[in-house]
Amino acid sequence: MTIKIVTDTGADLPANLAIKHNISVVPVNVMFGDDVYKDGISITKEEFNNKMFVEGLIPKTSQPSPSDFLTVYKDLTDKGDSVLSIHLSSKLSGTYNSALQAAESMDLGAGQKIQIVDSLKASIPIALGVLATAEHLKINPDISIGELAQYADDALKRSTVYVALNTLEYLQRGGRIGKASALLGTMLRIKPILSLEGGEVVPVAKCRSLSQSLAQISDLIASQGELSSAALIYNTDLDTKDSLKAQLLAGHPGLNLIETEFGPSIGSYVGPNAIGVATIPKRS
């Protein structure tokens, strides 16, 4: 009996890495008017960005249904596997609760388990935690699901993320602004840096330019010392992505830096020209 790992598209896990590590990804729903799409299946990141930032359409997102999870869980457990399912913060999305409902309705075989982990994160730090967990499972194939869940929880708690936004408009409109609401009403030229704390969005810094934001993020990452893993995430500005990548690699030569784009699940809230860095620092 083996353990299989499941996450959702709110983790922004690159598809090639999901395939490489045999991780199942449940899509979040994205709506433009009456049109409903499955994130990463019936709408690509490029199509999403075009609809939102070129056509000016306003999206909404909703969590996968319990039946969406049931389909994935049943496919895995029918083969005799147990499932460790790691998902978007329960304070930001109903995805965790949908997964929990599905797991509780399953009729499992002897020794099989489905364990759900509330990441208390969003986007790429979840991906880093999921990948670290997959690597740990590969090295320790006989680990119990409880021990693997504990490992995942620890990796997620150690992960950090800093995201520079061009505007707070989309986060506010989507109702996910959290403690960053303290920044509303500031000068329009302020470029905030946000993070996640206790599963909610929190402000880190108020910068007056994008270049200042990038420098601040680089300093924050540099202060962490040696890194176990890191990822760079962006959406519509390749020049900004390349600039921050150069700064990060200058501070951490030889760093294996994952690069990916915001998918619809999170891209709905960060707006255009957003960029972020997630890390898991090495233990001191």
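Which residues are buried in helix α2 (residues 45-54)? In this predicted model, local features require pLDDT of at least 70 and side-chain atom pairs count only at pLDDT 80 or more, whereas totals for chains, interfaces and linings use all residues. Residues are numbered from 1 along each chain as its sequence is written, and side-chain values use heavy atoms, with hydrogens and water left out.

The buried residues of α2 are F48, N49, K51 and M52. Helices (H or I, at least four residues) and strands (E, at least two) are DSSP runs numbered from the N terminus. G56 follows α2 and has a positive phi, near 75°.

Helix α2 lies across β3, β4 and β5 and runs at about 35° to β3. Axes are lines fitted to C-alpha atoms, for helices over the stretch in contact, and angles run from 0 to 180 degrees between N-to-C directions; contact means heavy atoms within 4.5 Å. The strands form an open sheet of three in the order β4-β3-β5, with antiparallel pairing. Its edge strands, β4 (35-38) and β5 (59-62), each pair on one side only. On average, neighbouring strands of this sheet are turned by 25° against each other, direction ignored. Two strands are taken to pair if DSSP finds at least two bridges between them. Strand β3 (residues 29-32) is joined to β5 by four bridges, and the two run antiparallel. P59 in β5 is the bridge partner of F32.

An open sheet of four strands shows parallel pairing in the order β2-β1-β6-β7. Strands β2 (24-26) and β7 (114-118) are its edges, each pairing on one side only. Between β1 (residues 3-8) and β2, the parallel pairing extends over three bridges, and V6 stands opposite S24 in β2. Two helices lie across strands of this sheet. Helix α3 (residues 66-77) lies across β1, β2, β6 (82-87) and β7, at about 150° to β6. Helix α5 (residues 124-139) lies across β1 and β6, at about 175° to β1.

The largest nonpolar core comprises 47 residues, of which I23, L84, I86 and L165 touch the most other members. Such a core is a set of buried Ala, Val, Leu, Ile, Met, Phe, Trp, Tyr and Cys residues joined through side-chain atoms within 4.5 Å. Helix α5 supplies the largest share of this core, nine residues. Apart from it lies another core of 19 residues, including Y162, A205, L220 and L244. With neighbours within four places in sequence left aside, I23 is in contact with I5, T7, L13, A18, V130, L131 and A134.

The loop between β7 and α5 contains S119, a buried residue with a relative accessible area of 5%. Not counting residues up to four places away in sequence, S119 touches I86, H87, L88, S89, I126 and L156. The side chain of S119 reaches the backbone oxygen of H87 at 2.6 Å, and a polar atom of the S119 side chain lies 3.0 Å from the backbone nitrogen of K121. A polar contact is a pair of N or O atoms within 3.5 Å; within protein, one must be able to donate a hydrogen and the other to accept it, and residues adjacent in sequence count only if both atoms are side-chain atoms. S119 and S98 are 21 residues apart along the chain, with their C-alpha atoms separated by 14 Å.

Strand β8 (residues 160-164) is mostly covered, with five of its five residues buried. T160, Y162 and A164 point one way from β8, while V161 and V163 point the other way. Strand β13 (residues 275-281) runs antiparallel to β8 and is joined to it by five bridges; Y162 stands opposite V277 in β13. Strand β9 (residues 191-197) also pairs with β8 in the antiparallel sense, over two bridges, and A164 stands opposite I193 in β9.

Methods:
Buried < 20%, exposed > 50% of the residue type's maximum accessible area, 1.4 Å probe, protein only.
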